[in-house]
Amino acid sequence: DADAAADPAAPPPPPNIEAAAEAADPAVLVRFAADLFPDADPDWLRFKLDKVATVQDLVDHILELKGNYPKRQTGGKKRKYEEEDEVDGDDGAAAPLPIAAAAAADPVPVIRDFKVIDLEFVRDPAYFKWSPIILGNNFRRMPKSLITSVFAQNNRQLLPSYLALEALAKNPETILKKTSTTITRIPKPAISGVLEQEIAALEQYQASSNQDQKEDESIPPEEAVEDGIECGCCYVDFPMEKMTQCDDGHLFCLECARRAAENLIGLRKTTISCLDSSGCKFTFPRNEIERFLTPQVLSGYDRLVQEENLRVAGISGLTSCPFCEYAVIMATDPADDKLFNCASETCGVISCRLCKRKNHLPLSCEETAKDDVLSVRHQIEEAMTQALLRKCAKCGCQYYKTEGCNKMACPKCQTMMCYVCKQVIKGYDHFATDPRGTVQAGKTCALWDNSEVRNAQDVEQAAKKAIEDAKKLDPKIDEKEIQVDLPEVAAPPVAGGVPLGGAIPGMPIGGMPIGAIQGHIPDAAAYIDVAARIRAQMAARENMEERIRQLRAVHQANQGNRIARAQAEANRMAEMQQRQTQIARARQQQHEQLQLRRQQQIEARLLQQQQQEQMRRNQLDALVHRQVALRELLNRPGGRSRSAMVDELSRIQIAIENLDTPAAAVHKRRR
């Protein structure tokens, strides 16, 4: 175009792929590719143009890489591209790229299904050496320890480990590194025949996965954004509206904050501290906690905070409802004022302050305990449950142990306690042996033992003691009605005269002789004895786990029955209270109707009296007026007969006297 050529400010014409394809000069092709991809390294474009047939093939190849191609360098030493060069990907997921620099050019036939873990698969040392490196080249943001662990879990096979790492990379909960590791080049002669066959199978899988991605392109997660803010816990970028912060301003995503808070609430801790790795002591404010906690968890957290505040306050006379969280301060003595009226709208139960049962008056607590077989069974089950728990002497937090040593730390206040004797301790000086197996004279509690055996024995002893106490309280009680199923607890197996799992002098955890730790190699007989002990201990642990499962199943069944019976009793009490309420309401209505009728009768009587009084007043007024008129006539000369007027005045006076009214009385007094 002559006009465009004459105007120096006109933009350059767009690249023409047909014109570039017709050009034979490699420099023209490189410039054409550089115009299409200005951030690509020209040396890499020149290298790739030598390996493809047409420019269209190069463009298709670059588009398939989705931006993961070498970028233009502005300074320093230029990179030299060779046949085995990789393309650097930057994501943590598996990239469908060549996995080894020395992969064979010719396709290798696949002779077996490498996706299946084969325990009899024979490999050479080169396979074990280079397989983790190949996995690291494909998953460059995966931690090396995670790759090694997954490789070991999958029988140290390449393709099964690749599939497992690919699933982890797609899992949003997997924590990846912030930066990608560099690609390790694998020399071509290092690839063995076995590894070469599995590499071919892996490349076929990558090719098929790449084709599936083309057909159904996955949408990247909305949480990850390019211009977002990095979470201080998972190191992923998020928009500001999906971030929360502590009082010191450290930012975290809502998901990380929610998980950390739920873990703390599960441990019954009320302080949700900052997650920053710098050791920040600040906490999350209340408005931020409401943002990342669900309503159900937030409700439980509020109840936990309320309980903790009441516990710390130490309020004298604070009484709580045994059936809900309602509490009130009562100044009276429970022996004098036994009933507690719960004012909660959802509860409203009247309970006994002494035995924490529902109102049982006029029966005493002891009489109720004798008559209530369900209560006795509940006490036995509660005793079995309490036998599994240890209560902190400082804060009262309850917890239990399933494995590990007998030096326990309270999950709330970190107070140390011996799991055997339940005493507060300061360290390992309390136990018969220290962690290295050294015997400490004068100490009896074992540092290591079988926790499951101890827990089962404690539960059985607690159940037997509770049954004996119930019999002492009521000798006539039927033991069959309160009997609970107990698993049989066998003594720990003995190997060489020493109980397994006990405190063995000179034997730390696992039963390994101290000499082996200190560098001394014991003889074969010692190893055989240790192996026998370990096998016996594993068998005993499996048996005890089964017994514990049986005990838990029985406990859950008993608890379910107890809940059902309690629910039935609650329904019966609710119906009774409803009937009593209806009767009281009916009586109140009858009383109100009776009062209304009485009031109406009184008002009618008063009205009648007022009407009668008014009639008498009218009669009196008429008589008085007549009397006055007659007297005036008497005073006048002439007229009617005086005797007749005197008689009429007498009759009027008699009529006035007969009127029983206040006005008539006044008239009499005046007269």
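Modeller: Helix α4 is mostly covered, since six of its eight residues are buried, where buried means under 20% relative accessible area, exposed means over 50% and partly exposed lies in between (1.4 Å probe, protein chains only). Helices here are DSSP runs of H or I with at least four residues, numbered from the N terminus. This is a predicted model, in which local features need pLDDT of at least 70 and side-chain atom pairs count only at pLDDT 80 or more, while totals for chains, interfaces and linings use all residues. Residues are numbered from 1 along each chain as its sequence is written, and side-chain values use heavy atoms, with hydrogens and water left out.

Colleague: Which are the buried residues of α4?

Modeller: They are Pro 42, Trp 44, Leu 45, Phe 47, Lys 48 and Leu 49.

Colleague: At what angle do helix α3 and helix α4 pack?

Modeller: One compares axes, which are lines fitted to C-alpha atoms over the stretch in contact, with angles running from 0 to 180 degrees between N-to-C directions. Helix α3 (residues 26-36) and helix α4 (residues 42-49) pack at about 125°, with their axes 10 Å apart. That makes α3 oblique to α4, because angles under 35 degrees count as roughly parallel, over 145 as roughly antiparallel, 65 to 115 as roughly perpendicular and the rest as oblique.

Colleague: Which residues make the contact?

Modeller: Contact means heavy atoms within 4.5 Å, and here α3 contributes Pro 26, Leu 29, Val 30, Ala 33 and Ala 34, while α4 contributes Pro 42, Leu 45, Arg 46 and Leu 49.

Colleague: How should I read aromatic pairs, and how many does a search of the whole structure find?

Modeller: A pair of aromatic rings is described by the distance of the centres and the angle of the planes. Rings of Phe, Tyr and Trp (its six-membered ring) pair if their centres lie within 6.5 Å, and planes under 30 degrees apart count as stacked, over 60 as edge-to-face and the rest as tilted. The search finds six aromatic pairs. One of them joins Tyr 127 and Phe 128 edge-to-face, at 5.9 Å centre to centre and with 85° between the planes. Tyr 127 is buried, with a relative accessible area of 0%, whereas Phe 128 is partly exposed at 24%. Phe 139 and Tyr 162 form a tilted pair, 5.1 Å centre to centre with 55° between the planes.

Colleague: Are Phe 139 and Tyr 162 buried or exposed?

Modeller: Phe 139 is buried, with a relative accessible area of 0%, and Tyr 162 is buried at 2%. Ring pairs also link Phe 139, Tyr 162 and Tyr 205 into a cluster.

How values were computed
Helices (H or I, at least four residues) and strands (E, at least two) are DSSP runs, numbered from the N terminus.
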